[in-house]
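Subject: A structure for you to explore

Hi there,

Here is the structure I promised to pass on. Have a look at it first, and then read my notes below.

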Amino acid sequence: MENNRAQWGTRAGFILAAVGSAIGLGNIWRFPYIAYADGGGAFFLPYLIALLTAGIPILILEFTMGHRYRGSSPLTFRRINKKAEWLGWWQVLISFVISTYYAVIIAWALAYAFFSFKLSWGDDTEGFLLQNYLGALDVDPGTLGGIVPDVFIPLLIVWVITLGVLFKGVKKGIEVANKIFIPALIVLFLMIVIRALTLDGASIGLDALFKPDWSRIGDSKVWIDAYGQIFFSLSIAFAIMITYSSYLPKKSDITNNAFITGFSNSSFELLAGIGVFSALGFMAKASGVDISEVATDGVGLAFAVFPAIINQMPAFNELFGFLFFTSLVLAGLSSLISISETYIAGFQDKFNISRTKAVAIGGGLSALISILYATKGGLWLLDVVDHFVLSMGVGLSGLVEVILIAWVFRKVKYLQGYANELSDIRLGSWWVICLTIITPLLLGFMMIKNVYTDIVSPYGDGTYPLSFLVTYGWVALGLTLVAGFLFAARRWNIDVDAEDKEVG
């Protein structure tokens, strides 16, 4: 199995896949608002520092781990130390849960791409989203209600595409798909940005985004948001980058690939910020309100504010809408494929089963569970699960990963030497300092504050019953950890200690 491990066909294929994983929905609907709310142009300083002291160092770490130990996240951690396998499974199971609801958001975008042809959302775009489309206002949070056909049908299409790509394998499936999705995404989004820049009022939005408020630099929240954005947008601690790098050929430049991936992701985030705030500036001017009244993030930005912007555009409304929501679909699909690959690779390695069986079991189970989010109460369920499993779980698992590698197993120096043997850009003391001191301290502070905030001020500001938050938030997160230990306790069906002698 080791000698026959799947490989990328080209270096470009790997980079496009890694970039495709990193560029997701958060780049488009989360980064622009955070930058605006956290000091505008001043935010880019902590953002850049976070990229260079945490994002790229951890990206290099995971690329190196995956390439050196030639396995999925569970197998990689098992080979680093027998007692660390549970962490690999924890990350894989977090990704599994994320895949169940991430597919539904892509389904919404797919539906809205078709709604764009006739601007079916009407004048009350928020009401259309919550009531007419999702039916979320018909049920109380914690109640699922019936399945929404207009969500369920595009959800099936999303899973057919995703599983179809995954069945094809790494080289003929994931690599080929990303060679189509990522160039198409960039072309479409460039068209969106160019159109947005030509709108009356675009300069108002750009001024709001880039005008620096240096008084915010001393605010700890700004730095936490910067590190959080870098951490989550680069797909680190999701088990993704470890898995993807395990498919690299033995002679592969590691650090250069990481820098390309990191800066490509940040470049797209900047592009998204320009496009989004140009459009928000137009809407603010057309509505005669301050931009602070229209600026938002998340689902509201994509599926309520942007349709309202599209309604007010002077020309090509339908085309702009189609391009925007198609961009969301492409960005979402490339990320969903990478998220799903983590547990497919984990199942293949642990149980020594074929890729076809791993995709059928893992992907099929995720697709079935995702139907829960296609119900009328799916939006509320998605919001809570996303907050705890993604925002909380990924951050905590990333903190544990860095502490174990740097301080418990003391593998940083070894991995530094391994990466330097293969890479043009050599890792110096900055990389060691970042992983052993800066990242653990800042990430630790971020996670402690986030956990404390959730305990003293439950998520949702009273929107959700406490029992709902406990069951689908804290308990769901806890179950991923418990299941991680259970998977780790099971015997391997391969010689897990036999490493590929040709590596390195």
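Leu-336 is found in helix 15; helices here are DSSP runs of H or I with at least four residues, strands are runs of E with at least two, and both are numbered from the N terminus. With 0% relative accessibility, Leu-336 counts as buried (buried means under 20% relative accessible area, exposed over 50%, partly exposed in between, with a 1.4 Å probe and protein chains only). Leaving out residues up to four places away in sequence, Leu-336 touches Ser-99, Tyr-102, Ala-103, Ile-106, Val-158, Trp-159 and Thr-162, where contact means heavy atoms within 4.5 Å.

Before you go further, please note that this is a predicted model, in which local features need pLDDT of at least 70, side-chain atom pairs count only at pLDDT 80 or more, and totals for chains, interfaces and linings use all residues. Residues are numbered from 1 along each chain as its sequence is written, and side-chain values use heavy atoms, with hydrogens and water left out.

Now for the partners of helix 15. The axes of helix 14 (residues 298–312) and helix 15 (residues 317–351) come within 8 Å and cross at roughly 155°. Axes are lines fitted to C-alpha atoms, for helices over the stretch in contact, and angles run from 0 to 180 degrees between N-to-C directions. Helix 14 and helix 15 are therefore roughly antiparallel (over 145 degrees; under 35 is roughly parallel, 65 to 115 roughly perpendicular and the rest oblique). The residues of this contact divide into nine nonpolar, four polar and no charged. Here Ala, Val, Leu, Ile, Met, Phe, Trp, Tyr, Cys and Pro count as nonpolar, Asp, Glu, Lys and Arg as charged, and the others, Gly among them, as polar.

Which way do helix 8 and helix 16 run relative to each other, roughly parallel or roughly antiparallel? The axes of helix 8 (residues 149–168) and helix 16 (residues 355–370) come within 10 Å and cross at roughly 165°, so the two helices are roughly antiparallel. Their contact has eight nonpolar, four polar and one charged residue.

Finally, the whole protein. Its secondary structure comes to 20 helices and zero strands. Of its 504 residues, 61% count as buried, and the C-alpha trace spans about 65 × 50 × 45 Å along its principal axes.

Enjoy exploring!

Best wishes
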